[in-house]
Amino acid sequence: AEFYEVIRRAVAAGKTVVMTTQVQNEGSNLAVYDVGYYLKHDLALLEAYDMTTEAVLAKLMWILGQTGEREKIRELFYKPVARDILKN
């Protein structure tokens with residue numbers, strides 16, 4: 001299946017999906033390319049920006065232990081904790 005469709009199905013099933021990058025010092029910017037733009041805006045993905053994969057994982061484990069509500073997950077994910085996310 002096409003990447004977009006796989007992600008769409010995961011989001012439709014209630015999964016929390018975070019897009020990140022392997023670039024060490026720049027962070028992510030999904031708005032740069034059409035595919036990223038549509039993933040973020042059409043599917044309401046979370047974007048890691050300058051968070052490390054490790055920070056994303058730890059933060060999501062804590063958040064998902066608190067709530068499963070999509071808007072609350074988004075709110076907590078983008079709330080800085082110990083300067084883990086700077087570009088939101």
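**A salt-bridge network and its surroundings**

Glu5 is partly exposed, at 26% relative accessibility; buried means under 20% relative accessible area, exposed over 50%, and partly exposed in between (1.4 Å probe, protein chains only). The model is predicted, so local features need pLDDT of at least 70 and side-chain atom pairs count only at pLDDT 80 or more, while totals for chains, interfaces and linings use all residues. Residues are numbered from 1 along each chain as its sequence is written, and side-chain values use heavy atoms, with hydrogens and water left out.

- The structure has 4 salt bridges, each defined as a side-chain nitrogen of Lys or Arg within 4 Å of a carboxyl oxygen of Asp or Glu.
- Glu5 forms a salt bridge with Arg8, and their closest N and O atoms are 2.5 Å apart.
- Glu5 also meets Arg9 in a salt bridge, at 3.5 Å from N to O.
- Together, Glu5, Arg8 and Arg9 are linked in a network of salt bridges.
- Arg8 is found in helix 1 (residues 3-12); helices (H or I, at least four residues) and strands (E, at least two) are DSSP runs, numbered from the N terminus.
- Arg8 and Glu5 are separated by about one helical turn because they are 3 residues apart in helix 1.
- Glu5 and Arg9 are 4 residues apart in helix 1, again about one turn.
- An α-helix has 3.6 residues a turn, so residues three or four places apart point the same way.
- Arg8 is partly exposed at 34% relative accessibility, and Arg9 is partly exposed at 43%.
- The C-alpha atoms of Arg8 and Leu45 are separated by 9.6 Å, although these residues are 37 apart along the chain.

**Overall fold**

- The protein has 4 helices and 2 strands, in the order α-β-α-β-α-α from the N terminus.
- Buried residues make up 33% of its 88 residues.
- Among contacts (heavy atoms within 4.5 Å) with a separation of 6 or more, 56% join residues 24 or more positions apart.

- A nonpolar core is a set of buried Ala, Val, Leu, Ile, Met, Phe, Trp, Tyr and Cys residues joined through side-chain atoms within 4.5 Å.
- The largest core has 13 residues, of which Val18, Leu46, Met51, Val56, Phe77 and Tyr78 touch the most other members.
- Helix 4 gives the most to this core, with 4 residues.
- Apart from this core lies another, of 7 residues, including Ile7, Met19, Leu39 and Leu45.
- In helix 4 (residues 70-78), the residues Ile73, Leu76, Phe77 and Tyr78 are buried.
- The buried residues of helix 4 pack against strand 1 (18-19), strand 2 (46-47) and helix 3 (53-66).

**Around Lys59**

- Lys59 forms a salt bridge with Asp84, with the closest N and O atoms 3.0 Å apart.
- This pair links distant parts of the chain, since Lys59 lies in helix 3 and Asp84 in the segment after helix 4, 25 residues apart.
- Lys59 counts as buried at 7% relative accessibility, and Asp84 is buried at 17%.
- The charged end of Lys59 sits over the ring of Phe77, 5.9 Å from its centre; the rule asks for NZ of Lys or CZ of Arg within 6 Å of the ring centre and within 35 degrees of the ring normal.
- Phe77 is buried, with 0% relative accessibility.
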